[in-house]
Amino acid sequence: MTLSDTSGPVLYLGIFIAAIVEGEISFVAAATLASRGLLDPIGVIAAGAAGAAIGDQAYFYLLRGRLHRWLDRFPALSRRREGLVRRIQRHQIPMVFAIRFAPGLRIALAAACAYANVAPLRFSLLNSLAAIVWATGLLVIVAWAGPALLSKLGLSGWWGAVVPALIIVVLARLLGRAERRTLEQEDAPPRA
């Protein structure tokens, strides 16, 4: 018997909502349950990808058009606007994909894309594709690749899924911190 047999769509609705709000931790937990056969992997991918895309796109659409008026109140940001917009316009595809793979910077990157007037259809399509790649990749690592590798090292059962899940969560948090530091250093005024 699986969890989905007893709880039905409620579990997948929970994965969907959690992916809108947070992302990695809840999705990795669901992927761990899928690795044990307690959740349907396709349902986990569908719910996680849909929630992730909706969460990212909500910020983008909420900030489109509004961000210019608000940010123009800050002279330091206003002076940097053209360079920022030019950089985002030049790297639209990687920028939109980075939203899904940059924990801790999703809102900032979606806001930057809104500020740079990335075309809404382009943003939605690329972000949806990135969400599917993100969900599928995480599920494959946590549910199959990680446990297969760890079973060769003598770890099996729940540990085979939990260890890759923990590694992903820790790496995502470290990556998010490193990316925030890099952005802070780029935005810091030059030293004389």
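Gln57 sits in helix H4. In this predicted model, Gln57 counts as buried because its relative accessibility is 14%, and the cut-off for buried is under 20%. Leaving out residues up to four places away in sequence, Gln57 touches Phe123, Ser124, Asn127 and Ser128.

**Overall make-up**

- The protein has ten helices and zero strands.
- Read along the sequence, the pattern is α-α-α-α-α-α-α-α-α-α.
- The protein has 192 residues, and 38% of them count as buried.
- Take the contacts with a separation of 6 or more: 76% of them join residues 24 or more positions apart.
- The protein exposes about 10900 Å². Carbon and sulfur atoms supply 68% of that area.

**The salt bridge**

- The count of salt bridges comes to one.
- Its partners are the side chains of Arg100 and Asp56, with an N to O distance of 2.9 Å.
- This pair links distant parts of the chain, since Arg100 belongs to helix H7 and Asp56 to helix H4, 44 residues apart.
- Are Arg100 and Asp56 buried or exposed? Both are buried.

**The nonpolar cores**

- In soluble globular proteins, nonpolar side chains tend to be buried together.
- The largest nonpolar core here holds 21 residues. Ile15, Phe27, Leu39, Val44 and Leu139 touch the most other members.
- Which helices each supply at least two residues of this core? They are H2 (9-21), H3 (24-35), H4 (41-63) and H9 (120-152).
- H9 gives the largest share, seven residues.
- Phe27, a member of the largest core, touches Ile15, Val44, Ile45, Gly48, Trp134, Ala135, Leu138 and Leu139, not counting residues up to four places away in sequence.

**Helix H3**

- Does the length of H3 agree or disagree with what its residue count predicts? At 1.5 Å a residue, its twelve residues should span 16 Å. The end C-alpha atoms are 16 Å apart, so the two values agree. The expected span uses one less than the number of residues.
- The buried residues of H3 are Glu24, Phe27, Val28, Ala30, Ala31, Thr32 and Ala34.
- Just after H3 comes Gly37, which takes a positive phi of about 80°.

**Met95 in helix H7**

- Met95 is found in helix H7, which covers residues 92-100.
- Why does Met95 count as buried? Its relative accessible area is 17%, and buried means under 20%.
- Met95 touches Ile88, Leu109 and Cys113, not counting residues up to four places away in sequence.
- Met95 and Leu109 are 14 residues apart along the chain, and their C-alpha atoms are separated by 7.2 Å.

- Leu13, Ile17 and Val21 make a nonpolar surface patch of about 300 Å².
- Ile17 is found in helix H2.
- Ile17 is partly exposed because its relative accessible area is 42%, and that class lies between 20% and 50%.

Technical notes: Residues numbered from 1 in each chain as written. Predicted model: local features only at pLDDT ≥ 70, side-chain atom pairs only at ≥ 80, totals over all residues. Heavy atoms only, no water. Core = buried A, V, L, I, M, F, W, Y, C linked by side-chain atoms within 4.5 Å. Buried < 20%, exposed > 50% of the residue type's maximum accessible area, 1.4 Å probe, protein only. Helix = DSSP H or I, 4+ residues; strand = E, 2+ residues; numbered from the N terminus. Contact = heavy atoms within 4.5 Å. Patch = residues over 30% accessible without salt bridge, like charges linked within 9 Å, V, L, I, M, F, W, Y side chains within 5 Å. Areas by Shrake-Rupley, 256 points an atom, 1.4 Å probe, with all protein chains shown as cover. Salt bridge = Lys/Arg side-chain N within 4 Å of Asp/Glu carboxyl O.
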